[in-house]
Amino acid sequence: MQKKQWRLSMVLVVVCIFLVALNMRPAVTAIGPLFNVLLESLHISNTKMSFLTSIPVFCMGLFAPFAVPLQRKLGTKTAITLLIMILALANGLRFLQESYVLLVVTSFAAGFAIALIGPILNAYIKKKFPKRFTTVVGIYSFGIGTGATLSAALTIPFYNYFHESWTIALGSWGVLAIIALCIWSLVIQNQHLPETGAMAEKAARNPWKNVRAWIILIYFGIQTSLFFSIMSWLAPILQDKGFSLVAASSMLTFMSIIQMIGNILVPILMEKWSSRIGWLFSLGFIGVIGFVMLWLGSGSLLWIAVFIIGFVLSGLFPIGLLLPLDEARNDEEANSWSSMVLSGGFMISSVIPILIGYCYDKTGNHTFTYMIFILLMLGILATTMMLKKK
């Protein structure tokens with residue numbers, strides 16, 4: 001009976017992790033489907049629009065190091081509760097008015113909350129599920145992918161249903177955060193949450209002085225750059241190729257669904273074929289092909305390209321979460337290494353959407369956009385080579 005209760009408690013914890021993960025992307029990825037709508041409504045440049053993606057991503061990097069002290073001070077349950085409340089508020093405030101400044105402020109707040117949730121949950125998974133952390137990280141990344149998919153799929157229908165009100169379309173995602181907040185508070189209240197910041201037997205290594213940690217950081221920054229850039233720019237790119245807003249949004253949704261499925265499928269497959277390097281090389285080469293097809297293709301080839309890109313991104317992200325956990329020798333390292341990788345990686349990735357917007361404003365076409373995507377995929381292959389030389 002005790003064993004059954006233990007299993008049930010673990011399942012409930014995993015459900016809570018999934019629900020929290022659902023809220024890790026909509027504040028950012030809901031912007032992409034409405035990119036051209038916001039551009040016209042707010043009368044701003046492509047570069048300024050790109051800031052709505054880059055600001056929260058930069059915040060994810062800037063504030064990630066504060067996850068460790070916050071978790072130590074408040075504990076996992078209280079810290080996550082507070083951060084989900086901030087996410088609910090950030091999304092909900094977008095109901096108020098059509099304002100670029102308000103979008104910037106709420107993007108900042110969302111980025112702050114996501115920055116702290118990531119390392120705390122990452123280290124907690126390592127502590128709570130030491131023998132199955134690959135699978136639980138897969139469920140966590142699946143939740144993130146599902147949240148991104150829902151925001152990509154439903155933002156335009158919300159926009160059309162509520163009489164082309166983008167404030168309601170964006171603000172509606174606050175409801176998802178409220179649901180997660182309620183269930184997290186109810187389920188986790190009786191759970192004993194071990195503190196991930198507790199000292200372990202071995203002295204923790206400082207990741208900032210470790211070359212391998214820096215390589216993982218660069219890898220994470222590149223793969224995150226690809227994710228946020230393609231989520232922001234795929235719909236505008238397809239519209240430039242002649243697709244309607246609804247058709248472009250549908251293809252973005254299709255890519256998000258592929259990512260969502262891959263987020264859980266790839267970690268499960270890695271339980272059997274565990275070579276991270278093998279996976280990275282395979283995904284890297286396939287990804288180059290996918291982005292070349294997106295650049296040069298048309299018609300059905302674009303659907304194939306989007307399928308490939310979605311699958312590649314779905315594998316790169318959970319591997320990025322697993323790499324610092326693989327290296328960690330104890331709980332403190334799991335938290336500090338994850339914080340460093342997420343911090344530096346997100347700060348790197350915040351630059352790329354702005355760069356794409358700037359290049360498009362200057363040239364009026366997406367030639368540089370495609371080149372940037374392909375260079376990033378080559379960067380994945382380069383960092384994989386460096387990680388192989390352990």
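# Notebook: a predicted model

**Entry 1. The two histidines**

I began with His 43, which is exposed, with a relative accessible area of 71%. I placed His 43 in the loop between helix H3 (35-42) and H4. This is a predicted model, and I read every value below with that in mind. I then looked up the backbone of His 43 and found phi near 55°, a positive value in a residue other than glycine. I noted this because most residues other than glycine have a negative phi.

I turned to His 163, where phi is also positive and near 55°. His 163 sits in the loop between H8 and helix H9 (166-171).

**Entry 2. Ser 50**

I went on to helix H4 (residues 46-63), where I found Ser 50. The relative accessibility of Ser 50 is 2%, so I put it down as buried, the limit being under 20%. Which residues does Ser 50 touch, leaving aside its neighbours within four places in sequence? I listed Trp 233, Pro 353, Ile 354 and Gly 357 as its contacts.

**Entry 3. Leu 93**

I looked up Leu 93 in the loop between helix H6 (76-92) and helix H7 (100-128). Leu 93 has 30% relative accessibility and therefore counts as partly exposed. With neighbours within four places in sequence set aside, I found Leu 93 in contact with Leu 102 and Thr 106. I also checked Leu 93 against Ile 218: the two are 125 residues apart in sequence, and their C-alpha atoms are 34 Å apart in space.

**Entry 4. A salt bridge**

How many salt bridges does the structure hold? I counted one. Side chains of opposite charge can pair when their charged atoms come close. Here the side chains are those of Arg 276 and Asp 326, at 2.7 Å from N to O. The pair links distant parts of the chain, 50 residues apart, with Arg 276 in helix H13 (residues 276-296) and Asp 326 in helix H14.

I compared the cover of the two partners. Arg 276 counts as buried because its relative accessibility is 14%, whereas Asp 326, at 33%, counts as partly exposed.

**Entry 5. A nonpolar patch**

On the surface I noted a nonpolar patch formed by Val 175, Ile 179 and Ile 183. Together these residues have about 230 Å² of accessible area. I picked out Ile 179, which lies in helix H10 (residues 174-188). Its relative accessible area is 41%, so Ile 179 is partly exposed.

**Entry 6. Cavities**

Rolling a probe the size of a water molecule over the atoms shows where empty space is left. I counted two cavities of 30 Å³ or more. The largest cavity has a volume of about 110 Å³. Of the 13 residues that line the largest cavity, I wrote down the closest to its centre: Arg 25, Ile 144, Phe 227, Gln 259 and Phe 317.

Which helices each supply at least two residues of the lining of the largest cavity? I found helix H8 (133-161), helix H11 (211-240), helix H12 (245-272) and helix H14 (300-327). H11 gives the most to this lining, with four residues.

Note on methods
Residues are numbered from 1 along each chain as its sequence is written. This is a predicted model: local features need pLDDT of at least 70, side-chain atom pairs count only at pLDDT 80 or more; totals for chains, interfaces and linings use all residues. Side-chain values use heavy atoms; hydrogens and water are left out. Buried means under 20% relative accessible area, exposed over 50%, partly exposed in between (1.4 Å probe, protein chains only). Contact means heavy atoms within 4.5 Å. Patches are made of residues with over 30% relative accessible area and no salt bridge: like charges are joined within 9 Å, nonpolar side chains (Val, Leu, Ile, Met, Phe, Trp, Tyr) within 5 Å. Accessible areas come from the Shrake-Rupley method with a 1.4 Å probe; for residues, only the protein chains shown count as cover. A salt bridge is a side-chain nitrogen of Lys or Arg within 4 Å of a carboxyl oxygen of Asp or Glu. On a 1 Å grid over the protein atoms alone, a cavity is a set of points where a 1.4 Å probe fits but cannot get out, and a pocket is an open set with protein on both sides within 12 Å along at least five of seven lines; lining residues have an atom within 4 Å of a point. Grid points are joined across faces, edges and corners, and a volume is the space filled by probe spheres set on the points.
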